Amino acid sequence: MDIFEAIKKDHDIQRDLCDQLTETSGETEKRKVIWQELKKELKVHAEAEERFFYTDLIHHDQTQEDARHGMAEHHEMDELVEKLEETEMSSPSWLGYAKDLRDKVYHHLKDEEEDFFVVAKKVLDKSKQEKLETAYRKYMSDENCGIKAVAH
Ligand SMILES: [Fe+2]
Ligand SMILES: [Fe+2]
């Protein structure tokens with residue numbers, strides 16, 4: 001497996017959690033559990049991605065702009081997560097913000113998969129792609145996140 005396949009698999013987890021979250025209502029146990037899980041997946045994934053993927057790509061002319069754009073979007077997602085944390089889970093606006101976050105996450109992952117990855121594949125050679133995957137995967141599993149963590 002290379003870094004692109006590994007990230008794509010973890011993106012699928014995030015999309016699934018976003019869908020599940022926006023189907024919940026009120027301050028239920030289910031909403032709380034999914035929210036905790038999504039929050040952690042987003043946080044650890046962005047950290048791992050910035051450390052083992054973006055860092056390399058920010059040094060190349062062809063990928064610098066996409067890398068900067070992606071990191072700015074990580075920041076925007078952090079802000080939405082914060083907004084949700086500050087809002088009463090039982091209030092109607094909570095679901096509205098959750099939908100905003102879902103849309104933002106979907107947009108960001110699509111950007112990465114359809115634009116950024118295409119150029120990044122040309123910049124990183126195959127052995128580098130595999131090395132980055134190992135480091136990325138280790139970081140994710142140490143934090144109990146990503147594909148291996150969600151076996152259910
Ligand atoms: Fe990202
Ligand atoms: Fe990502």
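Contacts between residues 24 or more positions apart make up 72% of those in the chain with a separation of 6 or more. The model is predicted. The chain holds five helices and zero strands, and from the N terminus on its elements run α-α-α-α-α. Its radius of gyration is 16 Å, close to the 15 Å that the globule rule gives for 152 residues, so the chain is as compact as a globular protein of that length.

**Overall dimensions and burial**

- The C-alpha trace spans about 50 × 30 × 20 Å along its principal axes.
- Of the 152 residues, 29% count as buried.

**Helix 1**

- Helix 1 covers residues 3-22, which is 20 residues. At 1.5 Å a residue these should span 28 Å, and the end C-alpha atoms lie 29 Å apart, which agrees.
- The buried residues of this helix are Ile3, Phe4, Ala6, Ile7, Asp10, Leu17, Cys18 and Leu21. Seen down the helix axis, the buried residues of helix 1 fall within an arc of 155°, so they line one face.
- An α-helix has 3.6 residues a turn, so residues three or four places apart point the same way.
- Glu5 and Asp19 are exposed residues on the face of helix 1 turned away from its buried side.
- The packing partners of the buried residues of helix 1 are helix 2, helix 4 (92-123) and helix 5 (126-142).

**Helix 2**

- Helix 2 runs over residues 29-57 and has 29 residues.
- A kink of about 45° in helix 2 is centred on Glu50.
- Lys40 also has its place in helix 2. With 15 other C-beta atoms within 10 Å, Lys40 is partly exposed; a residue counts as buried at 20 or more such neighbours and as exposed at 12 or fewer.
- Lys40 and Glu143 are 103 residues apart along the chain, yet their C-alpha atoms are separated by 8.9 Å.

**Nonpolar cores**

- The largest nonpolar core has 18 residues, and those with the most contacts inside it are Ile3, Phe53 and Tyr136.
- Helix 1, helix 2, helix 4 and helix 5 are the elements that give two or more residues to this core. Helix 2 gives the most, with six residues.
- Leaving aside residues up to four places away in sequence, Tyr136 touches Ile3, Ala6, Ala48, Phe52 and Phe53. Two of these contacts, Ile3 and Ala6, are also listed among the buried residues of helix 1.
- Another core, of 13 residues, lies apart from the largest one. Its members include Leu17, Ile34, Leu42 and Trp94.

**After helix 5**

- Asn144 lies in the segment after helix 5.
- The phi angle of Asn144 is near 60°, a positive value in a residue other than glycine.
- Asn144 counts as exposed because it has 11 C-beta neighbours inside 10 Å.

Note on methods. Residues numbered from 1 in each chain as written. Chains lettered and ligands numbered in written order. Predicted model: local features only at pLDDT ≥ 70, side-chain atom pairs only at ≥ 80, totals over all residues. Helix = DSSP H or I, 4+ residues; strand = E, 2+ residues; numbered from the N terminus. Expected span 1.5 Å × (residues − 1). Bend = angle between axes of the 7 residues up to and from the residue. Rg over C-alpha atoms; globule rule 2.2 N^0.38 Å. Contact = placed C-beta atoms within 7 Å. Arc of directions from axis to C-beta. Core = buried A, V, L, I, M, F, W, Y, C linked by C-beta atoms within 7 Å.
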